[in-house]
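Me: I am new to reading protein models. Could we go through one together, step by step?

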Amino acid sequence: MNRRTFMASTAVALATPAVVSRTMVGTRDVHTVRGELDRINALDDQRGGNQTLEEAAIDAARRALGLQQAAASQRVRSRLFALASDLTATAAWTALDSRQFGRAEQHLERALTLAGKGGDKATELRVWNTMSMLAYQRKEYSDAVAAGQAALRVGITRRDPMYASLAHARTAIGHAALGDRQAALRSLGYAGDALTKTSADEERPSWIAFYGPAELQSLTAIAQDLLGRHAESEAASYQALTALPPRFRRNRALVTARLALAQVHQGEIEAGCASAERVFALMDGNRLPARMRSLIGDFHRDLLTTAPDVSTAKSWGDRYRTEWS
């Protein structure tokens, strides 16, 4: 599927009736906007971030804020601010997945302001979590740790340990990138302990549906590989793939790419090449999000460094240049 076809199909999937203007805004309007948010998140789970999803999220956030112009109860107004914040954070996430760092940062700053207006602690934590990811992608590792720790200070982490687990896991990656083995492993331990205390009955926003045992293992794999513990990274990747729900196709492809990296870092060239090949099969002809393309680029670089003269590596490199790029 080429880029034009992919973007067009995404736009069709996102098509939704406009929010009807009326004198009094109520729960039905809130549910309509939330439905748009859920559709965008579902497409992101399948295909990854792209500009069409980013623009759709921003448009929906504007509609949520536009509804503020009509009469509404304070409760409905707060929910609309919270939805606008969540949608803007979603736009930030899709921009980050597309490696559009400047746009991601702008969206995050706006989302944090809106979260404050709506009293939305879950989205506030989401913003800090994404800020930590953004800092990591920019190789600003101290900032990644600081953002993860800011997420831990959001009050919702004391009420719901799932959010605490995510914040600890994100902080662990920052520590690992800085080479602080003890702090990274300690944060991973905190993340695992918190996750065992979560309740499946707790009502949560759709954006955090990705997080659970599989995602914790995926983040563990990243941290372990950064620490040079490649066998542990490979094992965590396999555990993540076993536990990952089928609907998270993009995440499955990312974990598979991480598995390939861990294998090549151990000199397992054939296994690594086979894993990297599966990434393209998993995405099923859809254009790889920029963040995933960057990860595959890292694999290709490390493959050439580790095994420049191995026939399997040469063959994979040829296919990458001619078939997959």
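This is a predicted model: local features need pLDDT of at least 70, side-chain atom pairs count only at pLDDT 80 or more; totals for chains, interfaces and linings use all residues.

Me: Great! How far apart are the end C-alpha atoms of helix H3?
Reply: Helices here are DSSP runs (H or I, at least four residues; strands are E, at least two), numbered from the N terminus. The expected span is 1.5 Å times one less than the number of residues. Helix H3 covers residues 51-66, so its 16 residues should span 22 Å, and this agrees with the distance between its end C-alpha atoms, 22 Å.

Me: Which residue forms a salt bridge with Glu54?
Reply: Side chains of opposite charge can pair when their charged atoms come close. A salt bridge is a side-chain nitrogen of Lys or Arg within 4 Å of a carboxyl oxygen of Asp or Glu, and the structure holds 13 of them. The partner sits in helix H5 (residues 101-118), 49 residues apart from Glu54. With the closest N and O atoms 2.8 Å apart, the partner of Glu54 is Arg103.

Me: And is that Arg103 buried, exposed or partly exposed?
Reply: The relative accessibility of Arg103 is 27%, so this residue counts as partly exposed.

Me: Which residue meets Asp86 in a salt bridge?
Reply: Asp86 lies in helix H4 (residues 74-97), and its partner is in helix H6, 40 residues apart. Both residues of the pair are buried. Their side chains meet at 2.6 Å, N to O, and the partner is Arg126.

Me: How is the ring pair of Tyr163 and Trp207 classed?
Reply: A pair of aromatic rings is described by the distance of the centres and the angle of the planes. Rings of Phe, Tyr and Trp (its six-membered ring) pair if their centres lie within 6.5 Å; planes under 30 degrees apart count as stacked, over 60 as edge-to-face and the rest as tilted. Tyr163 is in helix H9 and Trp207 in the loop between H10 and H11, 44 residues apart. Their centres are 6.2 Å apart and their planes at 55 degrees, so the pair is tilted.

Me: What about the rings of Phe299 and Trp316?
Reply: Phe299 lies in helix H15 (residues 290-306) and Trp316 in helix H16 (residues 311-324), so the pair ties together parts 17 residues apart in sequence. Phe299 is buried at 1% relative accessibility, and Trp316 is buried at 3%. The ring centres are 4.9 Å apart and the planes are at 75 degrees, so the pair is edge-to-face.

Me: Which residue's backbone oxygen lies 3.5 Å from a polar atom of the Thr171 side chain?
Reply: Thr171 is found in helix H9, and its relative accessibility of 2% makes it buried. Contact means heavy atoms within 4.5 Å; leaving aside neighbours within four places in sequence, Thr171 is in contact with residues including Val145, Leu152 and Ser187. The backbone oxygen in question belongs to Gly148.

Me: One last thing: how far apart are the C-alpha atoms of Gln263 and Cys273?
Reply: Gln263 is in helix H13 (residues 249-265) and is buried, with a relative accessible area of 2%. Gln263 and Cys273 are 10 residues apart along the chain, and their C-alpha atoms are separated by 8.8 Å.

Conventions
Residues are numbered from 1 along each chain as its sequence is written. Side-chain values use heavy atoms; hydrogens and water are left out. Buried means under 20% relative accessible area, exposed over 50%, partly exposed in between (1.4 Å probe, protein chains only). A polar contact is a pair of N or O atoms within 3.5 Å; within protein, one must be able to donate a hydrogen and the other to accept it, and residues adjacent in sequence count only if both atoms are side-chain atoms.
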